Amino acid sequence: MKYIIDTQHCTVSYPASNKGGTSSTVLNDISLQVQPGEFITVVGTSGCGKSTILRLVLGSQFPTTGVVTVNDKSVTRVTRDTGIVYQNYSLFPHLTMLENIAAGPILEGTGLLERLLCKPIVAVLDLLKANALLKRIRYSRIRDNARAQARELAKRCGLEPEKNGNKYPFELSGGMRQRVAIAQSLAMKPSILLMDEAFSGLDVHCKQEMRDFIHEQWKENKTTVFFVTHDLDEAVMLGTRLICLSQHWTDEEGKPGVGAKIVIDRKVAGGDELPSKFVDSEEFTQLVERISATAMQKTNPISITAFELTHPDACKAKEQLNAS
Amino acid sequence: MLAISRAFRTDTKLPTWLRVALNLAPFILIAISYVAFAILIRYQDAHGIPTANPRCVPLPGDIWQAFLNSITPNSGGQIMLLDDLSATGQRFGIGLFISALLGGPLGIYIGLFPTFTAFGKPIGDWLSKIQPLLLLPILFIFFGIGEESKIALIVLGVLPGYILEVARMTKQIRVEQIHKAQTLGASESEIAWSIVFPQIFPSMLASIRANLSIAFGLVIAAESNAASAGLGYRIFLVRRFMDMSTILEYVMLAMLIMFAADLLFQTWEHRYRWNNK
């Protein structure tokens with residue numbers, strides 16, 4: 001089976017920072033495979049290593065041991081194959097809404113020197129409304145195409161480009177900023193969209209709107225989404241598959257382990273439904289209650305073996321093992 | 001009592017007329033005190049009371065006369081004030097321009113790329129600790145007493161601090177922004193010039209604004225040592241004749257120039273309304 005994201009036995013640990021200090025392990029032997037088009041939600045308590053996994057996939061951090069591949073290529077740096085939306089700082093504050101969305105296609109379509117040389121010329125020609133001349137400049141054509149695409153994308157994301165197109169990020173609401181950040185990433189047509197606590201700073205109403213919005217975008221664009229959150233409800237509502245990480249686990253012999261392990265990896269029944277319609281389902285309630293009572297607790301370490309079997313594939317494997 | 005208690009409240013909102021009046025009040029007080037002091041000196045001198053030389057404290061009329069003299073063409077058709085302003089302005093402008101031109105890219109690269117940080121930061125730190133005026137004799141020996149040594153003094157005085165400041169601003173750009181730019185296909189150079197530079201540009205203007213007085217002080221110091229025109233040269237020249245009127249005229253002009261330059265940069269900086277939001 002072809003995986004779009006494949007992390008094989010990844011461990012992330014930091015060496016001791018000072019004399020007498022001890023090294024710390026953040027992730028312990030994590031293996032995670034994601035198929036194209038999945039909506040993966042990664043949940044866990046604060047500091048359990050959720051964002052570390054995301055950084056491994058993004059390519060801004062590397063595992064101490066193990067390999068991460070995206071699209072069958074080993075991840076060695078941040079590339080345009082993955083889009084990213086953070087809780088904050090996703091937008092460039094010096095660009096307007098439309099410029100932010102068009103930033104990627106312009107960066108990709110034109111060279112630095114071309115931009116530096118042509119930008120002032122095109123600005124003057126814009127002022128003079130010399131359209132015939134503008135059409136003859138490659139930078140101007142690419143910029144206009146990128147802007148038209150940005151306008152279209154903004155409309156699809158409910159951003160009202162005619163009204164808000166020239167507003168700077170500080171003039172937009174939190175929800176709108178996140179929509180722009182998503183549109184900005186989607187403009188690059190990435191194969192994977194990474195989202196790091198993307199809706200954490202929003203109010204309840206806005207959060208619900210954004211959940212439905214990202215779900216619609218996922219269905220429409222068929223992009224693989226890797227969504228990291230500390231909000232369990234959100235994780236269960238949004239994802240088609242839920243990954244739960246925990247630093248508090250015990251091995252087969254009951255000894256406490258070091259570093260986070262995947263304690264739950266299971267497909268969510270009804271995960272294809274729109275989040276706002278998914279809230280009352282029985283599956284949702286059961287799953288949230290069970291995970292809240294166990295994996296999201298820091299008090300009683302949980303047995304890794306008990307939870308690994310919750311994965312449907314894992315159950316199947318065990319059945320096959322028993323049969324043989 | 002009510003007015004005094006309101007003055008010490010942090011949430012007091014002043015009406016525009018009061019704010020402008022309070023802005024101007026210190027200047028008016030200084031001017032009134034100066035004129036009163038000048039009149040007192042003259043009174044004491046007229047009555048034989050031991051006091052300072054009245055020439056040291058010229059009246060506003062004398063300063064105005066000095067101003068008129070300095071804008072009157074001399075026998076060679078030259079206007080002294082214009083010559084001095086143009087000489088100082090050129091040195092000041094060129095020195096500051098070179099510092100900004102070199103300091104911007106160097107600062108961004110030192111702030112952004114670890115290799116440049118390791119290479120450039122220690123030398124920047126070290127150079128910024130050297131008092132540039134100490135280097136003036138060396139500059140005179142190397143470049144002669146022409147324009148080059150004065151411009152070099154400004155560059156040496158402003159550049160190291162400016163580079164470190166730009167590097168600090170660059171480091172303040174969130175790493176998330178850099179990663180975001182990379183996911184949008186930006187190369188390292190594009191991150192430096194299309195993402196970092198436009199974002200820190202208003203702060204770079206603020207930093208240049210903060211360096212204006214340092215650069216101006218250095219150019220005056222250099223001119224006072226060796227020059228044939230310039231505000232510093234003239235002030236130190238007329239000092240020999242105790243021509244306090246001309247000195248005060250030039251000091252006030254220098255102050256006005258600095259004020260105008262500061263206002264110019266401040267207005268430019270405020271054009272970027274997204275800055276610091």
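**View 1. The largest nonpolar core has 124 residues.** Those with the most contacts inside this core are Val57(A), Ile101(A), Ala183(A) and Phe226(A). A nonpolar core is a set of buried Ala, Val, Leu, Ile, Met, Phe, Trp, Tyr and Cys residues joined through C-beta atoms within 7 Å. A residue is buried if 20 or more other C-beta atoms lie within 10 Å of its own, exposed if 12 or fewer, and partly exposed in between, with C-beta atoms placed from the backbone. Ile101(A) touches Ala150(A), Leu153(A), Ala154(A), Val180(A), Ala183(A), Gln184(A) and Ala187(A). That list does not count residues up to four places away in sequence. Two residues are in contact if their C-beta atoms, placed from the backbone, lie within 7 Å.

This is a predicted model: local features need pLDDT of at least 70, side-chain atom pairs count only at pLDDT 80 or more, and totals for chains, interfaces and linings use all residues. Residues are numbered from 1 along each chain as its sequence is written, while chains are lettered from A and ligands numbered from 1 in the order in which they are written.

**View 2. Chain A as a whole has 13 helices and 12 strands.** Helices (H or I, at least four residues) and strands (E, at least two) are DSSP runs, numbered from the N terminus. The C-alpha trace of chain A spans about 75 × 50 × 40 Å along its principal axes. Chain A has 324 residues, and 40% of them count as buried. Take the contacts in chain A between residues at least 6 apart in sequence: 72% join residues at least 24 apart.

**View 3. Helix H1 of chain A, residues 50–58, is mostly covered.** Nine of its nine residues are buried. Among them are Lys50(A), Arg55(A) and Val57(A). Gly59(A) follows H1(A), and its phi is positive, near 100°.

**View 4. Strand S1 of chain A (residues 5–14) is joined to strand S2 of chain A (residues 24–34) by seven bridges.** S1(A) and S2(A) run antiparallel. Cys10(A) has Ile30(A) as its bridge partner in S2(A). S1(A) is also joined to strand S4 of chain A (residues 65–70), by five bridges. This pair runs antiparallel. Here the bridge partner of Asp6(A) in S4(A) is Thr69(A). Two strands pair if DSSP finds at least two bridges between them. In a regular strand the side chains alternate between the two faces of the sheet.

**View 5. Six strands of chain A form an open sheet in the order S6-S7-S8-S3-S9-S11.** The pairing is mixed. Strand S6 (82–86) and strand S11 (261–267) of chain A stand at the edges. Each has a single partner strand, so one side of each is left without a neighbour in the sheet. Strand S9 (residues 241–246) of chain A joins S11(A) through six bridges, and these two run antiparallel. Ile243(A) has Asp265(A) as its bridge partner in S11(A).

**View 6. Val122(A) lies in helix H3 of chain A, residues 112–128.** Is Val122(A) buried or partly exposed? Val122(A) is partly exposed, because 19 other C-beta atoms lie within 10 Å. Leaving aside neighbours within four places in sequence, Val122(A) is in contact with Leu134(A), Ile137(A), Tyr139(A) and Ser140(A). Val122(A) and Lys189(A) are 67 residues apart in sequence and 27 Å apart in space, C-alpha to C-alpha.

**View 7. Chain A is assigned domain 1 (5–81 + 190–323) and domain 2 (93–173 + 182–189).** Domain bounds come from an automatic or database domain assignment. The C-alpha centres of these two domains of chain A lie 35 Å apart. Their contact takes six residues from domain 1 of chain A and six residues from domain 2 of chain A. Helix H8 of chain A (residues 204–221) gives the most to the domain 1 side, with three residues. By class, the residues of that side divide into three nonpolar, two polar and one charged. Ala, Val, Leu, Ile, Met, Phe, Trp, Tyr, Cys and Pro count as nonpolar, Asp, Glu, Lys and Arg as charged, and the others, Gly among them, as polar.

**View 8. Chain B meets chain A: 19 residues of chain B are in contact with 24 residues of chain A.** On the chain B side, helix H8 (175–183) and helix H9 (188–225) of chain B each supply at least two residues. The largest share, seven residues, comes from H9(B). The chain B side has six nonpolar, eight polar and five charged residues.
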